[in-house]
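Hi,

Here is the structure I promised to pass on. Have a look at it first, then read my notes below.

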Amino acid sequence: MPSTRRATLIVVLSCLLLAGCKTGSLGGLSPSGSASASAAASSASGAGGAGRAIAVGAGPQKKYTVQEQPAAGSCHYRYEKGEPLEDPACTPGAISPAVTQANLASTICRKGGYTSSVRPSTSVTGREKKLNAASYGYTGAMGEAEYDHLISLQLGGDPNDPRNLWVEPADPGHKTSQGINNRKDPVETRLHTAVCAGKVTLAQAQHAIVTDWTTALTTLGLS
């Protein structure tokens with residue numbers, strides 16, 4: 001019996017000195033497993049970057065199809081100083097896998113043609129807009145509301161992912177019969193300019209606009 005205990009003690013001491021044991025019959029020692037878990041947690045934390053991860057859509061398609069929208073009445077507008085904001089549960093945003101920080105020069109920052117080359121036809125978006133209006137309970141004139149890409153195409157937003165599109169009502173004070181004219185569009189343009197000039201990264205611009213487009217420029221020091 002004493003010799004058995006001595007043998008066990010020697011094995012345990014050897015394990016501790018070598019620090020290579022994994023979970024097993026010797027008291028659950030697992031130094032190497034703990035190191036792996038720690039590295040994985042660190043990697044996951046770093047992947048989060050400036051905030052929650054943004055979904056990745058299907059990207060540009062040769063032929064777009066009408067996408068299913070959230071159930072009627074399930075989405076609710078928020079308002080910031082009177083400006084309409086999307087429902088994050090229905091419209092959290094989605095990015096295109098075809099646009100990356102490495103290929104900006106050949107995609108969104110190239111002169112002319114990018115957004116028009118990836119934008120779905122109105123025969124598709126027109127039907128989606130009506131369905132999405134029902135999702136949000138929008139009852140105003142359709143001609144006064146924009147079927148908006150939360151992350152705009154010029155910021156690498158996915159062209160036809162339902163998570164990236166919503167019926168955006170007109171700004172407060174907007175006069176009817178004047179068509180679509182909202183304050184979000186100039187914000188998108190300024191962010192696009194900043195990304196292409198290297199003042200902010202693509203990811204920073206995308207995160208800022210999905211968080212709150214009304215504060216995106218201030219958040220990034222561009223106001």
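The buried residues of helix H6 (202–211) pack against strand E4 (94–95), helix H5 and helix H7. Those buried residues are Leu202, Ala205, Gln206, His207, Ala208, Ile209 and Val210. With 7 of its 10 residues buried, H6 is largely enclosed by the rest of the structure. "Buried" here means under 20% relative accessible area, "exposed" over 50% and "partly exposed" in between, using a 1.4 Å probe and protein chains only. Helices (H or I, at least four residues) and strands (E, at least two) are DSSP runs, numbered from the N terminus.

Before you go on: this is a predicted model, where local features need pLDDT of at least 70 and side-chain atom pairs count only at pLDDT 80 or more, while totals for chains, interfaces and linings use all residues. Residues are numbered from 1 along each chain as its sequence is written, and side-chain values use heavy atoms, leaving out hydrogens and water.

Now the overall picture. The protein chain has 7 helices and 6 strands, and from the N terminus they run α-α-β-β-β-β-α-α-β-β-α-α-α. Of its 223 residues, 38% count as buried. Take the contacts (heavy atoms within 4.5 Å) with a separation of 6 or more: 70% of them join residues 24 or more positions apart.

Next, the largest nonpolar core, which has 39 residues. Such a core is a set of buried Ala, Val, Leu, Ile, Met, Phe, Trp, Tyr and Cys residues joined through side-chain atoms within 4.5 Å. The members that touch the most others are Ile108, Ile151, Leu155, Val167, Leu191, Val195 and Ile209. Among the elements that each supply at least two residues are helix H4 (122–136), strand E6 (165–168) and helix H5 (184–196). H6 gives the most, with 5 residues.

Not counting residues up to four places away in sequence, Ile151 touches Ile54, Gly93, Ala94, Ile95, Gly156, Gly157, Asn164, Gln206, Ile209 and Val210.

Then try His192, which is found in H5. Is His192 buried or exposed? At 16% relative accessibility, His192 counts as buried. Leaving aside neighbours within four places in sequence, His192 is in contact with Ile108, Cys109, Gln154 and Leu155.

Most residues other than glycine have a negative phi. Lys81 isn't a glycine, yet has a positive phi of about 55 degrees. You'll find Lys81 in the loop between strand E2 (78–80) and strand E3 (83–85), and Lys81 is exposed, with a relative accessible area of 79%.

Cheers
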